[in-house]
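Please have the view open as you read.

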Amino acid sequence: MAANIVVVNIYGEDYPITGVTDAAHISRVADFVNARVQQIAQSSRVKARDKVAILAAMQIASELLEKSEQLESTLGQVEGNLDSLLDRLDRELAPVSDSR
């Protein structure tokens, strides 16, 4: 797959981003990051660009880790439920022993 170069604007600065995903995806990611940076800048007394960027990165990473942990927990529950169902099916479908 060929690399795409997309110029995105984050917090008033243009950045040429090279990626193998489609340009629309790169733009969506940049829009997400820009929105988060703008939100942090507006709601915080911190105004230095680098500090605002770090706070936004920390917030995004925190949300990502939280979602990842939730996904792992849900996957564990699904696997447990599946194991229980398979055990039940095995018991129900097991040949009945002849008690003669």
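Let's begin with a charged pair: Arg49 and Glu13 form a salt bridge, their closest N and O atoms lying 3.7 Å apart. Keep in mind that this is a predicted model. Arg49 belongs to helix α2 and Glu13 to strand β2, so the pair ties together parts that are 36 residues apart in sequence. Arg49 is partly exposed, at 39% relative accessible area, and Glu13 is also partly exposed, at 36%.

How many salt bridges does the model hold? The count comes to 2. The other partners to look for are Glu63 and Arg36, whose closest N and O atoms are 2.9 Å apart. Here Glu63 sits in helix α2 and Arg36 in helix α1, so this pair ties together parts that are 27 residues apart in sequence. Glu63 is partly exposed, with a relative accessible area of 35%, while Arg36 is buried, at 11%.

Both pairs are set out below.

| Pair | Closest N and O atoms |
|---|---|
| Arg49 and Glu13 | 3.7 Å |
| Glu63 and Arg36 | 2.9 Å |

The largest nonpolar core has 11 residues, among them Val6, Ile26, Val37, Val52 and Tyr11. Strand β1 (4–10), helix α1 (23–43) and helix α2 each supply at least two residues of this core. Which element gives the most to it? That is α1, with 5 residues.

Is Tyr11 buried or exposed? Its relative accessible area is 18%, so it counts as buried because that value is under the 20% cut-off. Its phi is near 55°, a positive value in a residue other than glycine. Most residues other than glycine have a negative phi.

Finally, follow helix α2, which covers residues 49–93. Met58 lies in this helix and is exposed, with a relative accessible area of 56%. From Met58 to Leu93 there are 35 residues in sequence and 52 Å in space, C-alpha to C-alpha.

Leu86, in helix α2, is partly exposed at 42%.

Asp87 lies in helix α2 and is partly exposed, with a relative accessible area of 44%.

Key. Residues numbered from 1 in each chain as written. Predicted model: local features only at pLDDT ≥ 70, side-chain atom pairs only at ≥ 80, totals over all residues. Heavy atoms only, no water. Helix = DSSP H or I, 4+ residues; strand = E, 2+ residues; numbered from the N terminus. Buried < 20%, exposed > 50% of the residue type's maximum accessible area, 1.4 Å probe, protein only. Core = buried A, V, L, I, M, F, W, Y, C linked by side-chain atoms within 4.5 Å. Salt bridge = Lys/Arg side-chain N within 4 Å of Asp/Glu carboxyl O.
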